[in-house]
Number of protein chains: 2
Amino acid sequence: MIDSELLFYLIVFSETGSLLKSSELLHLSQPSLSRAMQKLEAELDLTLFDRSANKITLNENGKEILSYAKDIMMMMDHLKEKAKTLKEKSQSLNIGLTAPGPIYQFPTLFVPILTNKKISVMIEEEAELVKKLINNIYDLIFINRSLKIEGLVCEKIMREHLYVSVPTTHFLAKYHHSISFNDIDGQTFLLSSDIGQWNEVLDKHMKRSRFLKQDDLDELREIAEYSTIPNFVTNVTMSKNAPKNRINIPIADDDAYLDFYVLCKKERAAILDLLKQD
Amino acid sequence: MIDSELLFYLIVFSETGSLLKSSELLHLSQPSLSRAMQKLEAELDLTLFDRSANKITLNENGKEILSYAKDIMMMMDHLKEKAKTLKEKSQSLNIGLTAPGPIYQFPTLFVPILTNKKISVMIEEEAELVKKLINNIYDLIFINRSLKIEGLVCEKIMREHLYVSVPTTHFLAKYHHSISFNDIDGQTFLLSSDIGQWNEVLDKHMKRSRFLKQDDLDELREIAEYSTIPNFVTNVTMSKNAPKNRINIPIADDDAYLDFYVLCKKERAAILDLLKQD
DNA sequence: ATGCCTTACGTTATACGTAATTATT
DNA sequence: AATAATTACGTATAACGTAAGGCAT
């Protein structure tokens with residue numbers, strides 16, 4: 001096998017025209033480079049240089065071989081580039097969701113420092129998620145039904161249950177054990193912008209309501225605490241230190257429940273272990 | 001720089017699926033190969049294998065990198081092939097002539113063992129010779145006039161003079177000091193098949209003559225010795241130990257002289273030194 | 001005399017094989 | 001137990017830098 005290092009040296013030499021200058025660029029002693037070029041000639045069993053006592057130049061053979069060396073070096077660069085890309089990819093975890101629930105259920109999975117991976121999270125519809133999982137754009141997706149597809153593993157991993165959060169002074173607070181969409185429809189609610197699949201639920205059962213959309217979750221929480229506007233929480237988003245002036249009332253309808261199934265490629269099923277940390 | 005040897009090992013591994021088998025094919029101990037693959041991973045800063053205690057397989061990264069490695073290895077093979085071709089070329093000397101005279105004038109040049117080169121010799125017309133010299137098909141050509149072309153060197157190197165060789169008993173032998181084409185035209189002559197430019201001379205001045213063409217020069221010489229048929233020789237083809245029963249009569253016409261000029265590419269002018277050996 | 005390449009030589013680092021170790025089937 | 005990988009360790013080879021030598025400008 002021809003040593004690719006020597007081909008690289010040849011290219012550098014062709015650009016400086018002298019062993020001395022090349023050796024400086026290559027952080028190598030000049031005798032070493034001289035021997036390296038002799039070795040290349042020996043390996044190829046071909047004279048590549050015209051030599052005089054204090055001058056060395058590429059001969060016709062050398063020029064021909066040089067162009068091949070450049071091609072190979074270009075391929076080497078492509079390989080290195082690919083290796084870099086693959087490393088980035090293997091260090092990142094792309095997760096797709098139909099709704100944000102799993103982020104609260106599996107907090108360590110979604111914290112880059114803990115999983116030692118760069119995380120990207122995207123909320124999309126099921127069909128899109130599945131397509132992109134198969135195309136390796138996602139490593140892991142969460143959807144709301146069981147889906148058996150060749151080459152994919154699918155496991156049920158959680159159920160999310162919707163609650164309405166109202167001030168203790170609110171007229172709805174009397175339903176504190178249970179409530180239905182019908183009971184609360186027609187009011188105005190604070191609502192996070194990114195609730196994915198829950199949008200469909202609300203569109204279906206809360207046609208007469210008004211929603212004040214809020215992008216920032218911290219701001220939403222703050223507004224909720226200092227206003228009397230009802231908002232929504234779920235079993236996984238409820239914090240232990242919830243505001244004392246509010247109560248969370250479970251919604252009894254079947255559509256107030258969302259099951260979550262996690263899917264990934266069979267050969268990467270090991271990723272699912274990450275879920276078991278939580 | 002990535003060591004191309006390691007890429008080759010990777011390819012062999014991909015074909016056997018085991019380090020042990022690969023190491024045998026590569027005439028290498030198995031621990032060495034194990035370390036080599038670890039080194040490749042380190043150089044690329046990328047995991048290429050899934051390892052268990054007694055099994056190692058390519059992972060997704062490894063498969064991707066493998067295809068790049070194969071491309072590079074193919075380029076390496078092309079380079080080696082090219083080197084081989086160039087070596088063949090640098091060991092051969094292609095000479096073109098308008099007439100065979102220089103072969104006799106520069107005998108060592110045309111003996112492969114002495115010049116340490118494979119020799120090919122071809123007789124063609126000037127225009128063809130020059131074209132092929134420029135296109136590197138010939139390394140050296142001999143033509144009959146001075147020709148100044150950019151990038152070529154041209155030197156006058158010999159003059160060939162035509163003689164007619166007749167038995168001492170022949171009626172033409174009385175002209176032993178000098179003779180003209182006109183004096184000898186109308187006879188029958190022995191003639192070599194490959195006389196190149198001399199054909200034109202004879203076509204012009206010997207329209208009424210008959211020529212007995214002979215491919216093999218040794219046979220021609222033998223026939224000449226044991227017959228009374230006149231033939232042609234020149235100052236360079238005349239042998240010292242010429243047959244005693246014949247005399248060589250110089251032809252006086254201007255067209256009985258052919259000047260020879262040698263041409264080669266300027267950058268290869270060193271080849272001309274070969275002529276000086278003779 | 002100077003500059004640049006090659007050869008010589010002693011040293012260091014690298015790559016190898018053998019042997020020991022580990023873990024899976 | 002057998003197989004096939006990795007790790008440990010001592011050795012031999014190969015690559016390096018310094019120093020010396022040679023030849024053309």
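Q: Which element gives the most to the surface near DNA strand D?
A: That's H3(B), with four residues. Near here means a C-beta atom, placed from the backbone, within 6 Å of the strand, and helices (H or I, at least four residues) and strands (E, at least two) are DSSP runs numbered from the N terminus.

Q: Before I go on, what sort of model is this, and how are things numbered?
A: This is a predicted model: local features need pLDDT of at least 70, side-chain atom pairs count only at pLDDT 80 or more, and totals for chains, interfaces and linings use all residues. Residues are numbered from 1 along each chain as its sequence is written, with chains lettered from A and ligands numbered from 1 in the order in which they are written.

Q: Switching topic: how many residues of chain B are in contact with chain A?
A: 25 residues of chain B, against 26 of chain A; contact means C-beta atoms, placed from the backbone, within 7 Å.

Q: And which element gives the most on the chain B side?
A: H4(B), with 16 residues.

Q: What rotation superposes chain B on chain A?
A: One of 178°, with 0.1 Å of shift along its axis and an RMSD of 0.4 Å.

Q: How much of chain B's contact set recurs in chain A?
A: 100% of the contact residues, with the same surface serving both copies.

Terms used: Contact = placed C-beta atoms within 7 Å. Least-squares fit on C-alpha atoms with pLDDT ≥ 70 in both.
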